[in-house]
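Okay, everyone, thanks for coming.

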Amino acid sequence: MNVSRKSSVMDRIDAMRAFVSVVTEGSFSNAATAMQLSPQLVSKYVSKLEERLEIRLLNRTTRKVSLTEAGTHYFQHAQQILLSIDDMESKLGGFQQKPKGTLRISAPVSFALKHMAQLITDFQALYPSVNVDLQLTDRKVDIVEEGFDVALRIGQLKSSSLIAKQVAPIRVILCASPDYLKKYGVPRNPEDLKNHRYLHYSYMERSNKEDIYQWLSIESSQRDGGLSSNNGDLLVNAAIAGAGLALQPTFIASEAIVEGKLVIVLPEYEPETLGLYAVYAHRKLLPHKIRCFIDFIEGYYGSPPYWDKPIPAK
C-alpha cells in the first residue's frame, strides 16, 4: 500500500472516530476533549466525512447536535467497525505480554457470593499477576466515575455508551414453599396473585407487558404480611420459611427447588429471560487485564448455566 493510500485509510478511520465520539459525547467540544484534539479539527473530520459520503450525518444547532436518519445508520455500523479494530489491536498487543495489575470488578451481591469465588480463583490461576478487587453491590455503579474496570449487571440490555458482553442467560421464576401453597392455595392464573403474600425485591425491573408483573406490583408488598428487601437471598430464605411468593433468579433459587424446599408457581407465565452482562467502558486500546477477563468469563458458566440444568426447562 503506497503512502498516500495508507494516509487516506487512516484519515477515514480518524474521521469515523471523530463522528462516533461526537455522537457518544453529545457535542463537538466534549468529543474534542475526549479525543485530545481541537474542536476545529473534530469539526473538520466530520465535515470531510459528510462530504465524502455526500450526505448529512448530523443536525447542528448552537446548543446541540443530533443524528439524521442516515447518521443513525452510519453510527451503528461505524461503532461496530471501530470496536472490531480496537478489539483486534488489543488482542494483538497482548500476545507478547502477560496481564498484570489490579482488576477492579463490581458485581451483584447474591450472584457474586454464590457463583464468583470459583471463577476468580480459576482466573487468577491462569493469570497469577493480576490482583482482583471485587466489590459487591446491587447498585448500578458508574464505571468511569468510580474507577471500575468491569461491572457485572443483570437485566435487559439497554442502549449505552458502555460496551456489554452477555455472559449467561438469567431465568427469573415465581416460587413458594410447599407449606405456604398448602395453606394459602396454588395460584392458577396471574389474577390469583392479588390474594397472596408477595416478597418484593426492591431493585426488580418490572415489565408492563407481562401479566405476572402487573399483579406482583409494589402496592401488593404494602398489604398486611408483605415483605420488601434489597437482597434476593433473604427473600428466597423467607419463601422457604413460608412467608410468601418470591420472584427470584434461578441462580439463587435453583438449589431450594431441587431439594423440594420451593416449588415453581405459574411456570407458563415465567417472565422473559434476562441476561448477565460484563460491562466495560469503550477505550481505544483496552488494557490486557480487562480483555483477558472478558474472554475468560465468556461461556464460563455454560449454556444453559450449571444452576439451571437440574430444574425444568422454560
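Quick definition before we start: two strands count as paired if DSSP finds at least two bridges between them, and strands (E, at least two residues) and helices (H or I, at least four) are DSSP runs numbered from the N terminus. Also, this is a predicted model, where local features need pLDDT of at least 70 and side-chain atom pairs pLDDT 80 or more, while totals for chains, interfaces and linings use all residues. Residues are numbered from 1 along each chain as its sequence is written, and side-chain values use heavy atoms, with hydrogens and water left out.

So, the sheet. It's open, with five strands ordered S9-S8-S10-S7-S11 and mixed pairing. S9 (227–229) and S11 (263–265) sit at the edges with a single partner strand each, so one side of each has no neighbour in the sheet.

Let's zoom in on S8, residues 198–201. S8 runs parallel to S9, joined by three bridges, with His200 partnering Ser228. S8 also pairs with S10 in the parallel sense, over two bridges, and there Tyr198 stands opposite Leu245. Where do the S8 side chains go? Tyr198 and His200 point one way, Leu199 and Tyr201 the other, and all are buried, meaning under 20% relative accessible area with a 1.4 Å probe, protein chains only.

Now the helices. H10 (232–240) lies across S8, S9 and S10 (245–249), at about 170 degrees to S8. Angles here run from 0 to 180 degrees between N-to-C directions, with axes fitted to C-alpha atoms, for helices over the stretch in contact; contact means heavy atoms within 4.5 Å. H11 (250–258) packs on the sheet too, touching S7 (172–176), S10 and S11, and makes about 120 degrees with S10.

How values were computed: Buried < 20%, exposed > 50% of the residue type's maximum accessible area, 1.4 Å probe, protein only.
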